[in-house]
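Hi,

Here is the structure I promised to pass on to you. My notes on what turned up in it follow below.

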Amino acid sequence: MSSKIHTFIEREIADFAADASFAEFIAFLKRTAATRSHYWQDMHYLPQCDNVCKHTEFDRVQHLPLESLDAGLAWFGQTENIQGLTRNNMSSHHYVKKSPRVDPGAAYLRYSKHLHDSPPSYESFLAEPSIFKDVCCLFRADIELYRMSCSSEWLQGCAECVDSCARELRRLAPCD
């Protein structure tokens, strides 16, 4: 909601709430996936992985965890002897510093009224088991690709990438 992505969705879908809670947003994603509806800007909120991502014929494709893109690209450049591959601050800016507090009801709070200034931890939004299950189901292929990427042998030499993967994989562990 802070990225204004909701304006793209609102333009396309009349029943999307302008100030949706996380739970309402996940319900919207489930409806979209169930009806196989596609809208402009889908790539911003629907699963990113498709079958091309997992093709073994692309043996030179290397996947990097977005949370440590700077370090991953630097490591890739080093291992492949490529100069000037990176610049500073390419890592995802979607990960915003959150409060360490856990608020089990966060998934039902409206963005503008409760979440803009002092959002609770990411874990708060997934505290409701049914929402966590829905997120796991919706993004199963993305999670599989993330796990595969994090376990790739070449990436193990990048300490920041390994740390980032470990942190995110702990959060994703219940998606098994």
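Which residue just after α3 takes a positive phi? That is asparagine 81, with a phi of about 55°. Most residues other than glycine have a negative phi, and asparagine 81 has its positive value although it is not a glycine. Asparagine 81 is found in the loop between α3 and α4 (111-115). At 62% relative accessibility, asparagine 81 counts as exposed (exposed means over 50% relative accessible area, buried under 20%, partly exposed in between, with a 1.4 Å probe and protein chains only).

Before the rest, a word on how to read this. This is a predicted model, in which local features need pLDDT of at least 70, side-chain atom pairs count only at pLDDT 80 or more, and totals for chains, interfaces and linings use all residues. Residues are numbered from 1 along each chain as its sequence is written, and side-chain values use heavy atoms, with hydrogens and water left out.

The pLDDT, the predictor's confidence in each residue from 0 to 100, averages 77 over the chain, and 64% of the residues score at least 70. Please take care with helix α1 (residues 5-12), where confidence is lowest at a mean of 62; the highest is in α6, at 93.

Now the overall picture. The chain has 8 helices and 0 strands (DSSP runs numbered from the N terminus: helices are H or I with at least four residues, strands are E with at least two). Of the 176 residues in the chain, 36% are buried. Among contacts (heavy atoms within 4.5 Å) with a separation of 6 or more, 54% are between residues 24 or more positions apart.

Back to helix α3, residues 69-80. Its 12 residues should span 16 Å at 1.5 Å a residue, and the end C-alpha atoms are 16 Å apart, which agrees (the expected span is 1.5 Å times one less than the number of residues). Leu69, Ala71, Gly72, Leu73, Phe76 and Gly77 are buried in α3, and what covers the buried residues there includes α8 (159-172).

The largest nonpolar core has 25 residues (such a core is a set of buried Ala, Val, Leu, Ile, Met, Phe, Trp, Tyr and Cys residues joined through side-chain atoms within 4.5 Å). At least two residues of this core come from each of α2 (22-35), α3, α6 (129-138), α7 (140-150) and α8. Those with the most contacts inside the core are Ile26, Leu29, Ile131, Val135, Phe139 and Leu155.

- Serine 68 lies in the loop between α2 and α3 and is buried, with a relative accessible area of 1%. Its C-alpha atom is separated by 9.1 Å from that of aspartate 163, 95 residues apart along the chain.
- Serine 124 lies in helix α5 (residues 122-125) and counts as buried at 1% relative accessibility. The side chain of serine 124 reaches the backbone nitrogen of aspartate 103 at 2.7 Å. Not counting residues up to four places away in sequence, serine 124 touches Arg101, Val102, Asp103, Pro104, Ala106 and Ala107.
- Isoleucine 143 is found in helix α7 and is buried, with a relative accessible area of 7%. Leaving out residues up to four places away in sequence, isoleucine 143 touches Cys136, Leu172 and Cys175.

Best wishes

Terms used:
A polar contact is a pair of N or O atoms within 3.5 Å; within protein, one must be able to donate a hydrogen and the other to accept it, and residues adjacent in sequence count only if both atoms are side-chain atoms.
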